[in-house]
Amino acid sequence: MEYCLLVDYYRKLEETSLKTEKTRIVSELLVLTPREDIEVIAQLVMGRAFPLWSEEVIGIASNLMIKAISKADGVREDEIIAKWKDCGDLGTVAEEFAKKKSQRLLFQKALPVSKVYSNLQKIAGLEGRRSQEKKLVLIAELLSLASPGDARFIVRTVLSDLRVGVAEGIMRDAIAKAYFADVYWKSTLFQKNGKKKRFETLLSTMKGKTIIAEDKIMDALRSGDGEIIESFEKENTIIVKDLEGIKKTSSFFQKNIGAEYVFVDDADIGNNLKKSIVNTVEEAYEIANDYGIVAKLALDAGEKGLSGLKMNVMRPIKVMLARKVETIAEAFSVVGTPAALEYKYDGFRMQIHKKGDDIRIYTRRLENVTDQFPDVVSYVRDGISAKECIVEGETVGLDTVTGNYLAFQKISKRIRRKYDIKKTASEIPVVVNLFDISYLDGKMLLKMPFLQRRSSLRSIVKEIPNKLVVAKQKITDDVKVADKFYAESLSAGNEGLMFKNLEAPYKPGSRVGHMIKLKPIMETLDLVIVGAEWGKGKRSGWLSSFVLACRDEETGNFLTIGKMGTGIKEKSDTGVSFDDMTKALSDHILREKKNAVDIAPFLVVEVAYEEIQKSSNYSSGYALRFPRLTKVRDDRGVDEVDCLSRVEELFGCQRMRG
Ligand code: AMP
């Protein structure tokens, strides 16, 4: 497929903010994508080069991109920077310079998507000495083969700043729409749209298609306009079934081999059929963690293929997320009683994969940190008897002198450590508190109730005190017992309590109410940094005043919600310093205007605040009063940033409390 075709769709997506319209556009793109390109297109349209589980990263910052544009278009870097400051987007800058370049002639061959992808893969594979130079050559090559329009989106993709607003929910619905039958029911078919009934207007698009129709609805159609139904029956292949028959043929909803439309009588039944198609796609995604794989499988093998998908040990899945409540009573009312209560350890989450002697450790943002934790690898080897499994736990640092837990910031050092790993491991020993299992010796346990998963976990763990243990748990429905357990957890140095529904399945990536957290400290928000200002006076040379953003769950876009300058220290030994923040962020600067910079969203921070206020100064419509940094959450991905709906909910609670 030609890259310029994808670019046409990027442009269409840019033009609308409507979720339904975006879904329609993406599904149209999927339908016309040749089978061999589906996996790549599914990633690219979401603004990624590689699926979430993949360890490949492009790792190119704006300064290298400026050099690549300069090389491809033969323009000076300072000219590029000047334009960039002016318009704020290096993609647009690349497009404009490419337009000016005289030798880009009309008969230049179109750039194939496969070439773009293969260069991105090569870039991700480069490491070590001179890798930056080699990366530069590979991007410049792409830019010189690209049309001006292509260049704009190649630059944005490489910088992880595509901005066409296709998040996972839109991709899921688009896959359902592209590869599965559309479901209609009586009221949607007979609805009047102007003078005509919907059915009449649909007829032209349905010509020659296969339709599964419930007998009742065919009767209703036949009793209507005789001529219309006669031509409809002649021009289409119509398979008439009763309702039970339709439900049984759901595997026949696969568009390319079965029906393109399904007509049923009842609205609820129609809605449920639609939902079940979307659910099948979603559940397949939970297992594969890759919409490329899901899209291709939906095309090739429909519902059967998707529901037969198996988890792969060594390919991380998203973790199930917890909702927050304020009181024990509220926690019980969400998860039901009795519930499993567990200590909420204050460390970082590990998803541990074991296949024989091969053990890999992933963070909650699915980064491979195996090399940083040789101690944990050996605990798992000694303490877990299963041949193959995926288990999860919270890993906490231990103070060797006092035996107490260490603060999160201390162990987060171990995640980033590249050298002296053994030494740091002995200085900051950790204990893994295992709390869940999702795969065991060939069996996926995602749908197994929590209580049974927990006993599966117990059955394979031989505890090693202070190294590898199963999370402390109490099953109860009694608020008093819970209160005591909560106090016990806090005095042991933990963050609070988790409440878990005993019957609940494991839902990867979801913040469903199967798991609840209760913490005594003030409400915080997990936000992402999207901008900053260069400091003045004693802070000059450092980034200060950080622009915070929450996430719009529909489009995946980031919406600003305030500026934060407090909670960050002048010196590193007392906490996170301005220097630490500057080092972490400066490679991710997208553009600069005077002393303000835009930063590619990647660094997640936990922020405390006094109050949430309505505000027209920020794109979220809200502003945080006195935001203060409490933690740098470098174990979290941007898809875990709190959503606008959470901000709205907190704002509402605030008002209720008066
Ligand atoms: P929060 O980090 O505040 O969103 O709370 C949820 C996190 O608590 C999870 O992602 C885990 O990293 C952590 N956690 C600590 N103890 C447990 C536990 N017993 N069960 C589940 N998660 C836990």
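Modeller: Strands are DSSP runs of E with at least two residues, numbered from the N terminus. The model discussed here is predicted.

Colleague: In which strand is Gly531 found?

Modeller: The strand in question covers residues 524-534. Gly531 belongs to that run, which is β18.

Colleague: Is Gly531 buried or exposed?

Modeller: The cut-off for buried is under 20% relative accessible area. Gly531 has a relative accessibility of 3%, and therefore it counts as buried.

Colleague: Which residues does Gly531 contact, leaving aside its neighbours within four places in sequence?

Modeller: Contact requires heavy atoms within 4.5 Å. With those neighbours set aside, the partners of Gly531 are Ser545, Phe546, Val547, Val597, Asp598 and Ile599.

Colleague: Turning to the ligand, which element gives the largest share of the shell around it?

Modeller: The shell around the ligand consists of 13 residues. The largest share, 3 residues, is supplied by β8.

Colleague: How many residues of the shell around the ligand are charged?

Modeller: Sorted by class, the shell contains 4 nonpolar residues and no polar ones. Among the closest residues are Arg349, Glu394 and Lys517. The number of charged residues in the shell is 9.

Colleague: How much of the ligand does the protein bury?

Modeller: A ligand nitrogen lies 2.8 Å from a side-chain N or O atom of Lys500, and a ligand oxygen lies 2.5 Å from a polar side-chain atom of Arg636. Taken alone, the ligand exposes 490 Å². Of that area, the protein buries 96%.

Methods:
Residues are numbered from 1 along each chain as its sequence is written. This is a predicted model: local features need pLDDT of at least 70, side-chain atom pairs count only at pLDDT 80 or more; totals for chains, interfaces and linings use all residues. Side-chain values use heavy atoms; hydrogens and water are left out. A residue is near a molecule or strand if one of its heavy atoms lies within 4 Å of it. A polar contact is a pair of N or O atoms within 3.5 Å; within protein, one must be able to donate a hydrogen and the other to accept it, and residues adjacent in sequence count only if both atoms are side-chain atoms. Accessible areas come from the Shrake-Rupley method with a 1.4 Å probe; for residues, only the protein chains shown count as cover. Helices (H or I, at least four residues) and strands (E, at least two) are DSSP runs, numbered from the N terminus. Ala, Val, Leu, Ile, Met, Phe, Trp, Tyr, Cys and Pro count as nonpolar, Asp, Glu, Lys and Arg as charged, and the others, Gly among them, as polar. Buried means under 20% relative accessible area, exposed over 50%, partly exposed in between (1.4 Å probe, protein chains only).
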